[in-house]
Amino acid sequence: MAMESPFKADVLKGKVALLTGGGSGIGYEISYQLGIHGASIAIMGRRRHVLESAVASLQSHGIPAIGLEGDVRKREDAIRVLESTIKHFGRLDILVNAAAGNFLVPVEDLSPNGFRTVIDIDSVGTYTMCHEALKYLKKGGPGKDHFVGGTIINISATLHYTASWYQIHVSAAKAAVDSITRSLALEWGTDYNIRINGIAPGPIKDTPGFSKLAPEEIISKNSENVLLLKLGEKWDIAMAALYLASDAGKYVNGTTLVVDGGDWLSHSRKLPKEAVKQYSRAVERRSRAAPVVIPNSKL
Ligand code: COA
C-alpha cells in the first residue's frame with residue numbers, strides 16, 4: 001500500500017532537481033516524490049530504456065521530467081547533463097547523487113580494477129557532479145541568516161560504520177562520499193549558503209541494491225540472518241530526501257541521515273562465502289539484464 005506523504009504537495013514548487021541514478025530503485029522513488037511535491041525533474045543515467053520508462057512514468061503523474069543519458073565517471077557527461085538541465089528548466093536547485101555500483105565479492109576475488117570501478121562511480125562520480133554543479137547551485141554569496149543557495153543530497157550507506165562482508169569496495173567508496181559531504185558543507189555552506197547532506201539507507205526492499213546484496217541464491221543458504229533484517233521501503237528514503245531538500249531541513253548541513261530502522265547497530269551478519277563467490281557475477285549479469293519495475297507507474 002502506498003504511504004501518503006506528510007509533506008504539503010507544493011513544498012518544492014518552482015524547484016528543479018537533477019538526480020543521478022534517478023531512473024530506478026531508490027533514485028526513482030526520490031525523483032517521483034520530489035516531483036509530486038512540485039519540483040521539475042531531470043534524471044541522469046547510463047541506460048536509455050531505463051530513462052525512457054522512468055520519464056514516461058513521471059510524466060504520467062503530471063511531473064515535468066526529462067531523461068539525460070550520461071555516466072557520472074565522465075566529466076564531459078556531467079558538464080553536458082548539467083547544461084541540458086539548465087537549458088530545459090532554466091535553473092538547478094537540488095542535486096541528488098544516487099548513482100552507485102555494487103556487487104558482493106570477497107576481497108581475494110576483487111581485482112584492483114573492480115575496486116576502482118566502484119570508487120569511480122560512487123566517490124569520484126559524486127565529487128564530479130558536485131564540482132560541475134556548483135556554478136548553478138550558487139545563488140548568492142555568504143550570509144549568516146539563510147541558506148539561500150541550492151542543496152545537494154548524497155546517497156550513502158551504513159556498511160562502513162562497522163565492516164561488512166564482501167563489500168570492501170562499496171564501504172570505502174561510501175566512506176569517501178560521507179567525507180565529501182562534510183567537506184563541501186563546510187566550504188560551500190560558508191561561502192555560498194549551499195547545504196550538502198547525505199542519506200544512508202539500510203536494507204530497502206524492491207531495489208536493485210537489495211536484490212544484489214541479498215540475492216535468492218544467498219538468502220536460501222542464509223535465511224536465518226536475512227529474516228532478522230528489518231526492511232525499509234523506498235518511500236522512507238524519499239521522505240528523508242524531501243525533508244533535506246525542503247525548508248524543513250533549512251538548518252541541516254553536513255550531516256548524513258541514517259534511515260535504516262537502527263539496522264547498522266547490529267551489523268554483523270555473516271554471509272556464506274562460497275555462495276558469494278559462486279553467485280556474485282551471475283547476480284551482476286542478471287541485475288544488468290533485469291527489466292526496470294516502476295511501482296508508481298500508471299502506464
Ligand atoms: N564480482 C567481481 N568483480 C566484478 C563483478 C562481480 N560481480 N562485477 C564487475 N566486477 C569487476 C570486473 O571484473 C572488472 O574488473 P577487471 O577489469 O579487473 O576484470 C571491473 O569490476 C569493472 O567491470 P565492468 O563490467 O567493466 O564494469 P561496468 O562499468 O560495466 O559496471 C558495475 C560497473 C560492475 C559496478 C555495475 O554493477 C553497475 O554499475 N551496476 C549498476 C548500478 C547498481 O548496481 N546499483 C545498485 C546500487 S546499490
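Author: Buried means a relative accessible area under 20%, exposed means over 50%, and partly exposed lies in between (1.4 Å probe, protein chains only). The model is predicted: local features need pLDDT of at least 70, side-chain atom pairs count only at pLDDT 80 or more, and totals for chains, interfaces and linings use all residues. Residues are numbered from 1 along each chain as its sequence is written, and side-chain values use heavy atoms, with hydrogens and water left out.

Reader: Is Asp206 buried or exposed?

Author: Asp206 is in the loop between strand 6 and helix 6; helices (H or I, at least four residues) and strands (E, at least two) are DSSP runs, numbered from the N terminus. Asp206 is not a glycine, yet its phi is positive, about 60°. Its relative accessible area is 61%, so Asp206 counts as exposed.

Reader: Is Asn193 buried or exposed?

Author: Asn193 belongs to the loop between helix 5 and strand 6 (195-201). Its phi is positive too, near 60°, and Asn193 is not a glycine. Its relative accessibility is 4%, so Asn193 counts as buried.

Reader: How many residues of helix 1 are buried?

Author: Helix 1 covers residues 25-36, twelve residues. Among the buried ones are Tyr28, Ile30 and Leu34. Helix 1 is mostly covered, and its buried count is eleven.

Reader: What distance does helix 1 reach from its first C-alpha to its last?

Author: The expected span is 1.5 Å times one less than the number of residues. For helix 1 that expectation is 16 Å. The model comes close to it, at 17 Å.

Reader: Which backbone oxygen does the side chain of Ser31 reach?

Author: Ser31 is in helix 1. Its relative accessible area is 0%, so Ser31 is buried. At 3.0 Å, its side chain reaches the backbone oxygen of Gly22.

Reader: Which side chain joins that of Asn154 in a polar contact?

Author: Asn154 lies in strand 5 and is buried, with a relative accessible area of 0%. A polar contact is a pair of N or O atoms within 3.5 Å; within protein, one must be able to donate a hydrogen and the other to accept it, and residues adjacent in sequence count only if both atoms are side-chain atoms. Here the contact is 2.8 Å, and the partner is Asn97.

Reader: What is the angle between the planes of Tyr161 and Trp264?

Author: Rings of Phe, Tyr and Trp (its six-membered ring) pair if their centres lie within 6.5 Å; planes under 30 degrees apart count as stacked, over 60 as edge-to-face and the rest as tilted. The whole structure holds three aromatic pairs. Tyr161 and Trp264 form an edge-to-face pair, with 5.1 Å centre to centre and a plane angle of 85°.

Reader: How many residues apart in sequence are the parts that this pair ties together?

Author: Tyr161 lies in the loop between strand 5 (151-155) and helix 5 (168-192). Trp264 lies in the loop between strand 7 (256-259) and helix 10. The separation in residues is therefore 103.
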